[in-house]
Amino acid sequence: MGKLTEQPLAELIREISSKGLSGTLRIEHERMQTAVYFDQGQLIYAASNLRTLRLREYLNKRSLLSEQAFARIDNNLSDLDLAAALIAAGTLRQKDLDALLALLVSDVLRISLLWMEGNWDFDPRARLVDLVRVNLDTATLLREAAQRMPISFVSSRLLNPAETISRASEVSRTSNFRPAESFILSRLDNPLRLDELVSLGGLPEPEANRVIYGLALGGLLIREYWQNAFRTEIPKPGQEQTATPIPPTVSSTQPEQKGNWMSADLENEDVEEFLKRQKAATSHYEVLELQSTAKPNEIKDAYYAMARRYHPDRFHLKSGTKLHAQISSAFARVTQAYETLTNPNARAGYDQTLERARQFAEADAKANKASRAAESADEFDGGIDDSETGLGRAEYSFRQGCGALELGHVNAAIKYLANAARLEPQEARYRAHYGRALAADENTRRLAENEIQAAVRLEPANAAFRTMLAELYFELKFHRRAQTELDRALAIDPHNAAANQLLRKIEKSRKVG
């Protein structure tokens with residue numbers, strides 16, 4: 001018994017497998033629970049209490065049973081009892097059901113392997129009674145999990161730079177490794193210290209640690225030190241308790257199963273619909289298919305459900321294709337939405353941005369209604385009603401323009417901010433942000449310089465405006481001018497976040513160049 005912060009599930013699976021243990025590993029994260037079953041070190045099955053990770057849901061999602069067939073099934077059956085009932089009734093073929101169970105168990109593990117907090121308990125006496133054994137590529141699942149774990153957590157598992165790392169003798173040169181994994185493995189003709197291997201890997205230390213940790217979890221690298229949870233050694237023959245007899249292995253999808261309905265669709269199910277939904281989404285809430293009132297646990301459940309189905313690692317066989325690039329891009333939006341909405345401060349700021357966008361849309365609709373053909377600044381300004389906004393015309397235009405710019409509505413932002421700058425040309429922030437909007441459009445980027453320079457002349461001690469000018473020069477590839485303005489900004493405010501971020505970008509470009 002222990003905590004996942006001390007022994008994560010990935011390390012527990014690795015240790016149980018390496019020591020040939022049998023029994024049931026139960027883990028709990030908030031209200032979610034997973035049971036993972038082992039037989040002599042082999043992971044043979046896993047189940048979750050999440051409704052979306054139940055066999056009935058998988059059958060329903062793939063329309064494998066008719067409504068009449070579902071009506072005849074007892075809702076209280078466990079997944080394995082349901083599987084047995086379907087086979088006994090001849091409703092599904094055994095190989096189809098086997099493949100579905102393999103997918104289900106893989107998804108259960110992919111979600112559970114991401115839990116960095118919670119409790120675990122291993123009971124060597126609790127054995128799986130149902131006659132099933134799902135054969136999974138556990139090593140690959142563990143390697144994939146390492147790529148999704150927080151980088152800080154991974155680094156905390158590799159704290160001894162003098163630890164010896166060696167390559168496992170059974171590593172096949174034909175295995176499907178990522179380039180970084182192949183390179184790390186190729187450096188280990190002889191055992192090396194961890195810090196030596198990191199320096200030879202050609203990657204930033206945190207990323208090198210992630211690759212090394214994943215390979216070690218998958219048994220492809222041998223670490224000198226693990227934070228083991230069990231003192232039990234590998235049981236000798238005859239010392240294992242008798243387990244329930246288990247029939248021949250259920251194979252996860254293999255190429256030779258040409259008649260299996262899973263073989264053609266396993267990696268592409270619902271992907272096109274997922275990509276369409278992501279492309280059409282206009283907010284983080286729509287990305288996760290949630291209401292704006294969603295609670296934190298609902299956000300987590302939605303993210304885990306999408307990770308289970310659409311994480312790019314599930315489609316590694318299509319790596320390098322246009323489809324894989326689209327999936328990676330779409331899931332990056334999912335991850336960004338999850339990280340924003342699960343951070344209370346970030347979510348509050350994001351909600352304020354959405355509210356500004358709503359107000360902007362309403363004001364824009366009113367302006368368009370007043371004159372749909374209005375293109376000039378004068379005509380556009382005419383659609384603003386001071387009595388409705390409670391603000392001066394210039395300030396109203398400024399706020400709406402900033403909101404539009406945050407949302408990427410560049411043309412609308414230019415109109416609003418141009419109006420603000422025209423009405424009050426001596427207001428430095430109006431001129432600066434008008435220049436920033438102009439800089440966001442490649443066609444007007446050169447015009448942005450005049451506006452931001454005007455803001456700097458109006459407020460020469462404003463580090464933010466000088467940083468905007470430096471950013472513009474950097475985008476225009478005037479690196480010397482960018483450095484000059486950046487130095488002035490940092491002299492005014494050494495802790496300015498935007499200025500320091502640009503400084504790092506300039507230094508990086510010099511190294512690359």
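The model is predicted. The protein chain holds 25 helices and ten strands, and 47% of its 513 residues are buried.

**Helix 20 and helix 21**

- Helix 20, residues 410-423, packs with helix 21, residues 428-439, at an angle of about 155°, and the two axes lie 9 Å apart.
- Because angles over 145 degrees count as roughly antiparallel, helix 20 is roughly antiparallel to helix 21.
- The crossing of helix 20 past helix 21 is left-handed.
- Helix 20 contributes V410, A413, I414, L417, A418, A420 and A421 to the contact, while helix 21 contributes Y430, R431, H433, Y434, A437 and L438.
- By class, this contact of helix 20 with helix 21 comprises eleven nonpolar residues, one polar residue and one charged residue.

**Helix 23**

- Helix 23 runs over residues 463-475 and has 13 residues.
- From its first C-alpha to its last, helix 23 reaches 18 Å, close to the 18 Å expected at 1.5 Å a residue.
- Helix 23 is mostly covered, with ten of its 13 residues buried.
- The buried residues of helix 23 are A463, F465, R466, T467, M468, L469, A470, L472, Y473 and F474.

Technical notes: Residues are numbered from 1 along each chain as its sequence is written. This is a predicted model: local features need pLDDT of at least 70, side-chain atom pairs count only at pLDDT 80 or more; totals for chains, interfaces and linings use all residues. Side-chain values use heavy atoms; hydrogens and water are left out. Axes are lines fitted to C-alpha atoms, for helices over the stretch in contact, and angles run from 0 to 180 degrees between N-to-C directions. Helices (H or I, at least four residues) and strands (E, at least two) are DSSP runs, numbered from the N terminus. Angles under 35 degrees count as roughly parallel, over 145 as roughly antiparallel, 65 to 115 as roughly perpendicular and the rest as oblique. A crossing is left-handed if the near helix is turned anticlockwise from the far one by less than a right angle, and right-handed if clockwise. Contact means heavy atoms within 4.5 Å. Ala, Val, Leu, Ile, Met, Phe, Trp, Tyr, Cys and Pro count as nonpolar, Asp, Glu, Lys and Arg as charged, and the others, Gly among them, as polar. The expected span of a helix is 1.5 Å times one less than its number of residues. Buried means under 20% relative accessible area, exposed over 50%, partly exposed in between (1.4 Å probe, protein chains only).
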